[in-house]
Amino acid sequence: MLFKILIAGDGGQGVQTMAEIISKAAFQNNKHVSFVPNYGLEQRGGASLAFIQISDRDIVYPKFSKPDILVLMSEQARERAKLYCDELRIENKELRVYNLNDFAATIEAQNIKPFSHNIFLLGVLALVLGQKEICEKEKVFELLEKKISQKPGWEDNKKAFAAGEDCFLMASR
Amino acid sequence: MISNNRQFVTGAEAAVQGALDAGAEMMYGYPITPATEVFTIWIKKGQKYLQTEDEIAAGFGVCGAVIAGQKAFTCSAGPGHILMQDAISMAEGMRLPFVAVIGQRGGPSSGTVIYSQQEVILSCFGGNGEGHRLVYSPSNLDELYRLTALAFHEAWQYKFPAIVLTDGYLLKTKGILDETKAEPAKAHPLINEETFRHWRNIYNFEEELRDEVLKMENDFAAAAKEAARAEEVQTDDVEILLVAHGIVGAAAKEAVDILRGQGIKVGLFRPITLRPLAKEKLDKAAAKAKKIIVIESSLGQLARLVRDQLAPEISTPFDYLQKPAVGIEVEEIVNFVYGI
């Protein structure tokens with residue numbers, strides 16, 4: 001098993017935080033993990049990517065061009081990640097794309113604030129990866145809580161995580 | 001099998017751990033991506049450091065500290081690495097155990113802050129001398145840890161500058177470090193306070209310098225017997241020999257596995273040290289092969305080293321997979337081999 005996740009967003013959206021938590025949860029699930037952040041020299045606002053690989057064996061190379069999951073969080077990221085968004089692979093179900101835009105209705109209905117968008121998608125990912133036994137979704141939440149529960153907006157973030165999970169459950173039904 | 005001491009760390013953390021376990025005591029530096037974290041992690045661990053006004057000063061700080069017997073080191077990248085060559089060249093001339101971790105980024109000049117394999121020639125031959133320095137190229141986190149520790153051991157053993165030449169991908173990658181703890185390196189003051197020694201960095205006569213450089217060349221060749229390292233994969237019956245270093249070397253190793261599975265007689269020569277190069281191993285593998293493919297994230301810097309060192313009687317033809325400033329994945333290597 002080698003599972004590849006690419007998360008793409010804008011700097012400041014929390015791409016690297018999501019990647020850090022997922023990687024750690026998989027590591028604690030006794031998987032081999034490689035996570036390499038990728039961004040330019042901007043402090044904020046540039047495209048920010050995270051390449052995550054999770055496997056049962058050693059991972060030899062930190063980057064990849066064919067993700068199994070692609071998470072898109074902004075217009076700029078969609079542009080930057082075009083290279084990885086192979087229509088044929090989507091059609092063949094080799095690539096699943098989770099685009100923030102596709103969740104717009106839920107995000108509006110549940111009043112998920114922009115600063116929690118990454119946490120919402122983390123909720124979605126936690127469930128997807130949990131189902132594949134790549135990491136435990138409870139572990140993802142536990143690590144999230146450890147990392148940001150002392151910071152402002154925790155109630156909103158907690159709600160966003162749960163909404164992400166629910167939303168995915170509804171969709172997969 | 002998963003052992004208990006496995007840690008989830010970044011490349012920068014692995015390098016710092018390697019330095020600490022080798023007994024490093026002091027760091028001089030000036031921040032530059034992607035090497036900054038080596039410096040900041042060192043500082044966060046409460047270790048002694050000095051942030052200087054630039055890389056030139058950081059390099060000369062290391063020169064001074066090692067003369068006093070302190071296991072000091074520095075880190076840099078790209079344009080900072082260019083400046084640092086001033087001090088590394090002096091370390092080469094004065095035979096100082098200078099240690100540096102270099103994180104290659106794109107070039108020329110500020111290039112990108114991310115990745116390349118374009119600082120190979122700079123590391124090996126970046127001074128106005130003959131390239132008497134030890135240059136290590138780790139392919140993964142474990143090796144980054146191990147070779148950083150080894151750089152201290154061998155710098156102090158052979159008294160040549162030692163450069164751990166890695167890149168932004170590996171330094172920023174968070175993955176699993178699972179290595180046995182390195183031994184501390186032995187260090188001693190190179191001169192005592194009471195002693196007067198005429199220790200030269202400049203010579204009056206050309207002949208004096210010639211003798212000095214020839215002695216260095218002899219010592220370097222003697223050191224190479226032990227210090228030149230390479231990993232050979234499936235080279236016994238090799239027909240197509242891949243040559244790659246660093247993380248591209250790791251990708252090439254995986255490509256060999258895949259291609260062998262399909263019955264193609266591919267092997268790999270992966271230099272672990274770029275200087276000195278494990279020449280005899282290279283010659284032996286290259287002589288057997290029908291084709292040599294040099295694979296690198298640069299337009300031929302590794303190829304230059306390899307062609308230069310290869311015994312002149314070996315006439316195996318070369319092919320090149322060169323992608324300056326970007327990474328090279330396993331699949332690309334496999335497809336390239338199919339293509340020839």
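Helices and strands, as named here, are DSSP runs of at least four and at least two residues respectively, numbered from the N terminus. With that naming in hand, the predicted model can be read piece by piece.

B:Pro108 sits in the loop between β5 (99-104) and α5 (120-125) of chain B. The peptide bond that leads from B:Gly107 into B:Pro108 is cis, and its omega is near 15 degrees.

Most residues other than glycine have a negative phi. B:Arg95 is not a glycine, yet its phi is positive, at about 60 degrees. The loop between α4 (78-94) and β5 of chain B is where B:Arg95 is found. Is B:Arg95 buried or exposed? Its relative accessible area is 18%, and the limit for buried is under 20%, so B:Arg95 counts as buried. B:Ala325 is likewise not a glycine and has a positive phi, of about 75 degrees. This residue lies in the loop between β14 (318-322) and α12 (330-339) of chain B. With a relative accessible area of 28%, B:Ala325 is partly exposed.

Attention can now move to the overall form of chain A. Chain A contains 7 helices and 5 strands. Their order along the sequence is β-α-β-β-β-α-α-β-α-α-α-α. How does the radius of gyration of chain A agree with that of a compact globule? For 173 residues such a globule would have a value near 16 Å, and chain A has 15 Å, so the two agree. The C-alpha trace of chain A spans about 40 × 40 × 35 Å along its principal axes. Of the 173 residues in chain A, 51% are buried.

On the surface of chain A, a patch of positive charge is formed by A:Lys24, A:Lys146, A:Lys147 and A:Lys151. One of these, A:Lys24, belongs to helix α1 (residues 15-28) of chain A. A:Lys24 is partly exposed, its relative accessible area being 34%. Elsewhere in chain A, A:Gln110 occupies the loop between α4 (104-109) and α5 (117-131). A:Gln110 is partly exposed too, at 36% relative accessibility. Although A:Gln110 and A:Asp166 are 56 residues apart along the chain, their C-alpha atoms are separated by 11 Å.

Charged pairs come next. Side chains of opposite charge can pair when their charged atoms come close. Over all chains, the structure holds 29 salt bridges. In chain A, A:Lys158 and A:Glu155 form one of them, with their closest N and O atoms 3.8 Å apart. The two residues are 3 residues apart in helix α7 (residues 154-172) of chain A, which means that about one helical turn separates A:Lys158 from A:Glu155. A:Lys158 is partly exposed at 33% relative accessible area, while A:Glu155 is exposed at 56%.

In chain B, B:Arg133 and B:Glu92 make a salt bridge in which the closest N and O atoms are 2.6 Å apart. B:Arg133 lies in the loop between α5 and β6 (134-136) and B:Glu92 in helix α4, so the pair ties together parts of chain B that are 41 residues apart in sequence. Both partners are tucked away from the surface by the accessibility count: B:Arg133 is buried at 0% relative accessibility, and B:Glu92 is buried at 3%.

The side chains of B:Lys215 and B:Asp219 meet in a salt bridge of 2.9 Å, N to O. These residues both lie in helix α8, 4 residues apart, which is about one turn of the helix. B:Lys215 is partly exposed at 44% relative accessible area, and B:Asp219 is partly exposed at 25%. Salt bridges with shared partners also join B:Glu143, B:Arg146, B:Glu179, B:Glu231, B:Lys253 and B:Arg270 into one network. Helix α8 (residues 206-227) holds B:Asp211 as well, a residue that is partly exposed at 44% relative accessibility. The C-alpha atoms of B:Asp211 and B:Ile56 are separated by 28 Å, the two being 155 residues apart along the chain.

Note on methods. Residues are numbered from 1 along each chain as its sequence is written. Chains are lettered from A and ligands numbered from 1 in the order in which they are written. This is a predicted model: local features need pLDDT of at least 70, side-chain atom pairs count only at pLDDT 80 or more; totals for chains, interfaces and linings use all residues. Side-chain values use heavy atoms; hydrogens and water are left out. Patches are made of residues with over 30% relative accessible area and no salt bridge: like charges are joined within 9 Å, nonpolar side chains (Val, Leu, Ile, Met, Phe, Trp, Tyr) within 5 Å. Accessible areas come from the Shrake-Rupley method with a 1.4 Å probe; for residues, only the protein chains shown count as cover. A salt bridge is a side-chain nitrogen of Lys or Arg within 4 Å of a carboxyl oxygen of Asp or Glu. Lys and Arg count as positive and Asp and Glu as negative; His and the chain ends are not counted. The place of a charge is taken as NZ of Lys, CZ of Arg, CG of Asp or CD of Glu. Buried means under 20% relative accessible area, exposed over 50%, partly exposed in between (1.4 Å probe, protein chains only). The radius of gyration is taken over C-alpha atoms; the globule rule is 2.2 Å times the number of residues to the power 0.38.
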